[in-house]
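Below is a note for a colleague who works with computed models. The points are numbered, and each can be checked against the coordinates.

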Amino acid sequence: MTTTSRMIPDRLQTPLERKLKSWESLLMLVAIGIFIINSFASPYFLNVWNLSDATFNFTEKAMIAFAMALLIISGEIDLSVAAIIALASTAMGAAVQLGVSTEGLVLIGLLVGLACGAFNGFLVTGLGLPSIVVTIGTMSLFRGISFIILGDQAYRGYPSDFAFFGQGYVWWVITFEFVLFAIIAVIYAIILHMTNFGRAVYAIGNNATAALFSGIRVGRVKFILFLLTGLMSGVAAICLTSRLGSTRPSIAVGWELEIVTMVVLGGVSILGGSGSIPGVVIAAFVMGLVTFGLGLLNVPGIVMSIVIGALLISVIALPRLWSMWRT
Amino acid sequence: MSTLTASDIDPLLSLSGVTKSFPGVRALSDVSLNLYPGKVTALVGENGAGKSTVVKVLTGIYQPDEGEIEIEGQQVRFPTPQSAESAGVTAIHQETVLFDELSVAENIFLGHAPKGKFGLIDKSVMTSRASEILSGIGANIEPSATLKDLGTANKHLVAIARALSIDARAVIMDEPTAALSQKEIEELYDLVEGLKAQGKAILFISHKFDEIFRIADFYTVYRDGQMVGEGAITDVSEPELVKMMVGRDVNQIYPERDHNIGTDILEVEGYEHPTEFADIGFNLRQGEILGFYGLVGAGRSEFMQALFGITRPSGGTVKIDGAPVTIRSPADAVECGIVYVPEDRGRQGTIGALPIFQNVTLPSLARTSRHGFINLANEFKLAREYTERLDLRAASLDTDVGNLSGGNQQKVVIAKWLATRPKVIILDEPTKGIDIGSKAAVHEFMAELAAQGLAIIMVSSEIPEIVGMSDRVIVMREGRIATELNRAEITPETLVSHAAGIREAAQ
Amino acid sequence: MKRFLASRELLLLIAIGLLLGVISSRFPAFIAPSNLVAVFNDTSPLILLAIGQMIVILTKCIDLSVAANLALTGMVVSLINIAVPGLPIVVMLFIAVAFGAVLGMFNGLLVWKLAIPPIVVTLGTMTIFRGTIFLLTEGKWVNSHEMSDTFKAFPRTEILGLPVLSWIAIAVVILFTIVMTRTTLGRAFYAAGGNPHAATYAGINVGRTQFWAFTISGALAGLTGYLWVSRFAVAYVDVAGGFELTVVAACVIGGVSIMGGIGSVPGALLGALFLGIIANALPVVNISPFWQMAISGGAIIIAVVLNAQANRTPGRIILKRAEHAT
């Protein structure tokens, strides 16, 4: 039956060729460039302990960014992630007052994250509401609950072994958070790039209607993605709370936008359908290196945000300007 | 070629040598078109013949690659929709291109509203002129009503009023009666007569022959993006027109089939939906091609999408191999062995930015993967097997589907479903907008599949296709089954008359 | 008028009436005219920004940079005030509006000419605008004593018992009610967002329409920037931090559909007032102001659920039951 005279080749470009011409390699060059500039600009840069400290600039945000990347690839967004951190952290803080153990605190953090994600997921997939508005709403709601509970107070007194998640070292200069970040990156890379679920995410983001018409359970996939984003927010809440040792309702304010920036910088299309986990990993390093390098030069955080903002727009604008100029 | 127009009148608007290409398709190739003052010219052609494209060229939405437009002998160009309007060319589009949130008067005058003091829109003038135009076409609609509160027929009248609100010399009506009831159609005819009396040149696009012979003065026939005939309507007969449209003898180019029909595989009973269809019941057998014919908007696609689990029916049962099944989603349908090749290929069929092999394997990933992990070698193998069966033309299986021609995209969609080894395949307008060569390939393949025992439902608005391919035909009209025809009864005349609800023609 | 009575705006008006009724049943002083004037005045900046945001959202875009624009323009006019204390207020207003409009045009150009998604553009410009304030001032505050008296007095000057700030909000509401209902551009905003495809058929350039929406949003943010810093007599980097989301919230509560094409000036006004009343009522009714955030979050969710119900498009109507009934 398949005695066709003509063979269609599987591929014209090898996957490696594709990768070399990709966004990720461009971003990698940027990262290396920043690394080199930084090491010349400040004598303190190439100190392993400083570098190790610098990873805290991005590890917690990046954990959420991986889940957010999948969500944005599928065509949705979750702006409530930082508010979920606040709520999960508040819940853990309240539990501390009741004498809950470290294991219990971790469980509570994860469960609150999952519950918030489920709530978002229900509103978006169950009721068919646009995720950007829904999560602007839940962002106020979740953090608002923290404010109701805490007001201008703070929870402290976390058990001493709880500090490990945000302050502990696994080996030499390698922090627990960095290891967790790496493990999560690998897990998400596997989910997105090597499983049927990941393929469905791309299909939905490119054309949700055609994906539905191809027998993909679109609502279910999106719901799971909201759950995952909530869960990762819970994980980040554990790390951040442990690192800070206290909970205020304003914890992680504005992180949602930094996380979205990280994802978009990593080459994920905000319109959905394309992007990769390695891209987000490199973007996390780029943002961390910029922040750390400028910090060593005593440039304040707010100016770094200009750099990040300009980076965000120019990485998208420049290729378009280039192709407009050529035609 | 039929005799040329024996008209003494000079055309008001004429199009000559117009060519328009899109990536992968040549939509118009050196076509011409003439519209005469006070006359109706019917533009006829099958789906994909280039009628919609020519309307878009005439209304400034597309720019032709080559060719000229003349109005009263003066060469004109329409770089924007406004320039076409200001030249007096206006169109009532097939899809109602209106704005739900705006009022009726605002819809009519959007883009050319009467201005009063300080350049502000003069609402009272706008309202009174709107009600003038509306009452002029016998529409009883309040100009201040919000459009979304109107029914389909009234929305259509607003679209007509919009077209008449500019001082048009040429009016294009793109399938104006598709959504109207018989009574409303009669009113539209009166309206057309009124426009003729005012000396306007009218382009009338329709699939309904009774309509064309009743209202048109001239005809122009397009086929596959080319003009194949024009003349006075009195000089042509219906079969001649059909022959020009189709361009070949209906039976010959369709594949020979041995009609080896087996046992019942799909039974549908009492399927209904609150607004889209009611009382649909039929059975489908192995190796059978069941045609679904009807006018555009008869509810065929809507029913098929309910059967495929996209929309929820309000009642009815489905049995596969005699066992009742519940279909709540396309995923359920695929599990039951029912697959659907949609009409709207770009939106519902293909994922343009993903490569061919990923499109093909998307519903079959459970089979090519292990424990949910992608296995690329298996995927390429499966994709290759089915795309080669369909003789797909592509640079590689890694090519994005969006870069393929319409015909090859359709082959990808069909390959995608065959790879799931379905029992029933529903093809909704399977050859719409694809080139002749691919069309024949799709038809050949359908015959081959039927011979292998697959049960096929083919929704089609193309009479030759229905006649040439079907073992049995169900004709739908206004959301219901109008009739069921067995093979001996399938003729263009019976199909048209049942679809349009014309009694005397049903012999 | 008839349209208005059957609309989402009316529902919201009733909701606000109920809210006021409940509050006043226990705290009658809240609906005293002088207090209502104070509430309105306090809400005026939100009203101004919500109208601009409403127009942007109508065209299927979003402007997350409004609060940063406000802060930057506010800082720029404060610095100009320090440099040229004698500058007439009219000139100052002009500078604020023009500067804000230019920032808005920058957003608009990126969206129109480069087709970059609005959320990305304004996310980026948001951080750039705020960062620029820091570059201008090195993080220093411009305090009350550095501002000239006329500069500070303008928004607080009372005319007929109402501060100028409130009068400006009223004027902008009236102006944009006219713009949105009586001008070609106003109708184009609805058309471009409601049905971009059809808008092209009607000869509307969707990208250019979006550009003007961002320009208007920017101009209003700039105007509000001057009014904000002069009213509070202080300018610094974090002025109105996070306010962009409150503005979006006011629009959503006001019935503006994030999918574009649906919304009105009265809706944005009422949405802003709803949030303004809650913010002002909480301390009065002895609920901790910390409740405010959760309440507005809940209100957004409820509003978006209700809007979605109201805007659900019915399926295609093919069956002609009446014809078959006989």
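Does B:Leu354 count as buried or exposed, and how many C-beta neighbours does B:Leu354 have inside 10 Å? Point 2 takes this up, after a word on conventions.

1. This is a predicted model, in which local features need pLDDT of at least 70 and side-chain atom pairs count only at pLDDT 80 or more, while totals for chains, interfaces and linings use all residues. Residues are numbered from 1 along each chain as its sequence is written, and chains are lettered from A and ligands numbered from 1 in the order in which they are written.

2. B:Leu354 counts as buried because it has 23 C-beta neighbours inside 10 Å; the term buried requires 20 or more other C-beta atoms within 10 Å of the residue's own, exposed means 12 or fewer, and partly exposed lies in between, with C-beta atoms placed from the backbone. B:Leu354 is located in the loop between α11 (345-349) and α12 (356-361) of chain B, where helices (H or I, at least four residues) and strands (E, at least two) are DSSP runs numbered from the N terminus. Not counting residues up to four places away in sequence, B:Leu354 touches A:Tyr202, A:Ala203 and A:Asn206 in chain A, together with B:Asn359, B:Asp400 and B:Val401 in chain B, a contact being a pair of C-beta atoms, placed from the backbone, that lie within 7 Å. B:Leu397 is 43 residues apart from B:Leu354 along the chain, and the C-alpha atoms of the two are separated by 11 Å.

3. The contact between chain A and chain B takes 27 residues from chain A and 36 residues from chain B. On the side of chain A that touches chain B, α10 (196-206) and α11 (208-213) of chain A each supply at least two residues, and α10(A) gives the most, with six residues. The residues of that side divide into 13 nonpolar, ten polar and four charged, where Ala, Val, Leu, Ile, Met, Phe, Trp, Tyr, Cys and Pro count as nonpolar, Asp, Glu, Lys and Arg as charged, and the others, Gly among them, as polar.

4. Between chain A and chain C, 40 residues of chain A are in contact with 39 residues of chain C. On the chain A side, α7 (131-150), α13 (255-265) and α15 (301-326) each supply at least two residues, and the largest share, 14 residues, comes from α7(A). By class, this side of chain A has 29 nonpolar, nine polar and two charged residues.

5. Chain A comes to 15 helices and two strands, and chain C likewise has 15 helices and two strands. For chain C the radius of gyration is 21 Å, close to the 20 Å that the globule rule gives for 326 residues, so chain C is as compact as a globular protein of that length; for chain A, with 327 residues, a compact globule would have a value near 20 Å, and the 21 Å of chain A agrees. The radius is taken over C-alpha atoms, and the rule is 2.2 Å times the number of residues to the power 0.38. Buried residues make up 54% of chain A and 55% of chain C.

6. In chain B, strand β1 (residues 13-22) and strand β4 (residues 66-71) run antiparallel and are joined by five bridges, with B:Glu70 in β4(B) as the bridge partner of B:Ser14; strands pair if DSSP finds at least two bridges between them. B:Glu70 also has B:Gln75 in β5(B) as a bridge partner. β4(B) and β5(B) form a hairpin with two residues between them, and B:Glu72 in the turn has a positive phi of about 50°.

7. Chain B also holds an open sheet of four strands in the order β12-β11-β14-β15, with antiparallel pairing, whose edge strands, β12 (280-285) and β15 (323-325), each pair on one side only. Strand β11 (residues 264-272) and strand β14 (residues 315-320) of chain B pair over five bridges, and B:Glu272 stands opposite B:Gly315 in β14(B).

Methods. Contact = placed C-beta atoms within 7 Å.
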